[in-house]
Amino acid sequence: MLSRRKMLQLLAGMPLLGGLGVSRLLETDRAFPGISESKRNLFNELGIEPLINGRGTITELSGSLMLPEVVEAIESTSDTFANLNEVQDKVGVRIAELLECEGAMVTSGAAGALTLGTAATITGMDEEKITVLPNLPGPRKEVIIQKKHRYHYDHAVRNTGVKMVEVESAEEMEEAFNDQTVMTLFFNAAAQFGGFEHSIGHEEFVSISKKHNIPSFIDAAADVPPVKNLFLYKDMGFDLVTFSGGKAIRGPQSAGLLFGRKDLIEAAKLNNNPHSDSIGRGMKVNKEEIFGMLVALESYLERDHDEQWEEWVGWTEVIAGQAETVPTVQAERHVNSGPANHFPDLQLSWDQDRVAITPEEVVKELEEGSPKIVVSSNKKGLYITVVMMKPRQVDIVGQRLKEVLEQAV
Ligand SMILES: *Cc1c(COP(=O)(O)O)cnc(C)c1O
């Protein structure tokens, strides 16, 4: 293998490697201390530009970074075989203990959990139904959802062949149940994203579902911190709960948690890989990631969340401090109300008569600069989420931002 010095010499003789010049390569190393100098650097090799994530746990940006203990769990379990059902069962028991609920399993993200949870409510333990899903004979099964809770991820529910039945009030919900109803679905962050109040609140939604003896499922994928949310919804009485594994919990990006009623979890497992003739066969999570998910959850439950929050606040201050050296720039910490993405973020604005650059132009410059930095703009200005940055990247973001803004003064 080439030494780093040789590689640089080699690169010096070439104008570009996959779009990365030598100086950019060095920059990249500084910004990405996790990228090993001695091991093979696949990003460079394939010309894939690493980026500093100032937008948060976005799947398109590869979600989140696994914690070292998660990577260790993956590594330490990767060189031996085990029965996958046994791994899933025993990890599930441990997760259920940690979350103080009846049953749990590791799914292929929260989206996988939505499909498997819905499948479980349709099939129960019936092998015949499991094999024919999503083409169950007879009228289509139905899932009741508030009209304003309809969202992209209900596609994962519709994968099972169900029809979504929309209701707008408790009265309408009461009337929507019939022989085809298999489940009710609550999108926890709907009100936050839509800017409205839930017309049927959590408790009422659960109580109406229970009255009709139909399992209720809540999607809380992005809804930690606070850590107590992991317990809140099953305590409210939801029968199934999902959280993403690869968001703030920082487990494997392709993993998620499905937990709640034991009989439904057992049915969800039958609809899942490794069973070949099942709707979940393509939602495989390997044993390493199942272990990794458990370790990420343990680590998340043990973490000092106040300390972590203070660290994030500190990061917003570092970037704010740099940006505010530019005339008229104002930085304000903005805490997302939650339940989704409840983090201390940074909102920046400036007088565009004095600093002649639009927020969109700043986004573009940061993205095209070196290292590549990805942030968002909104109608108030620039919006930066710090929680997915590495400590060393925070200052780099502050400096680059200052540079870009200063050039426009
Ligand atoms: C992110 C998200 C999902 C999908 O989660 P994955 O773990 O990426 O599958 C589903 N629902 C909501 C509300 C989400 O925010």
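Around the ligand sit Thr59, Gly109, Ala110, Ala111, Tyr151, Tyr153, Phe187, Asp219, Ala221, Ala222, Ser244 and Lys247 (a residue is near a molecule if one of its heavy atoms lies within 4 Å of it). The model is a predicted one, where local features need pLDDT of at least 70 and side-chain atom pairs count only at pLDDT 80 or more, while totals for chains, interfaces and linings use all residues. Residues are numbered from 1 along each chain as its sequence is written, and side-chain values use heavy atoms, with hydrogens and water left out.

Next come the helices. Two packed helices are described by the angle between their axes and the distance between the axes. Helices (H or I, at least four residues) and strands (E, at least two) are DSSP runs, numbered from the N terminus. Axes are lines fitted to C-alpha atoms, for helices over the stretch in contact, and angles run from 0 to 180 degrees between N-to-C directions.

Helix H15 (residues 305-323) packs on helix H17 (residues 391-406) at about 25°, with 8 Å between their axes. The two are therefore roughly parallel to each other (angles under 35 degrees count as roughly parallel, over 145 as roughly antiparallel, 65 to 115 as roughly perpendicular and the rest as oblique). On the H15 side, Trp315, Val318, Ile319, Gln322 and Ala323 make the contact, and the H17 residues involved include Pro391, Val394, Leu401 and Leu405 (contact means heavy atoms within 4.5 Å). Sorted by class, the contact of H15 with H17 has nine nonpolar, three polar and two charged residues (Ala, Val, Leu, Ile, Met, Phe, Trp, Tyr, Cys and Pro count as nonpolar, Asp, Glu, Lys and Arg as charged, and the others, Gly among them, as polar).

H17 also packs with helix H16 (residues 359-368), at an angle of about 125° and with the axes 10 Å apart. That makes H16 oblique to H17. Here Val362, Glu365 and Leu366 of H16 touch Arg400, Leu401, Val404 and Leu405 of H17, which gives five nonpolar, no polar and two charged residues.

Another pair is helix H4 (residues 68-76) and helix H14 (residues 287-302), packed at about 150° with axes 8 Å apart. H4 is thus roughly antiparallel to H14. Glu69, Val70, Ala73 and Ile74 of H4 meet Glu288, Phe291, Gly292, Val295, Ala296 and Ser299 of H14. That contact holds six nonpolar, two polar and two charged residues.

Valine 224 and proline 225 are joined by a cis peptide bond, with omega about -5°. Another cis bond links proline 225 to proline 226, with omega about 0°. Proline 225 is in the loop between strand S6 (216-219) and helix H12 (229-236), and proline 226 has its place in the loop between S6 and H12. Threonine 328 shows a positive phi of about 70°, although it is not a glycine; this threonine 328 lies in the loop between H15 and strand S9 (330-335).
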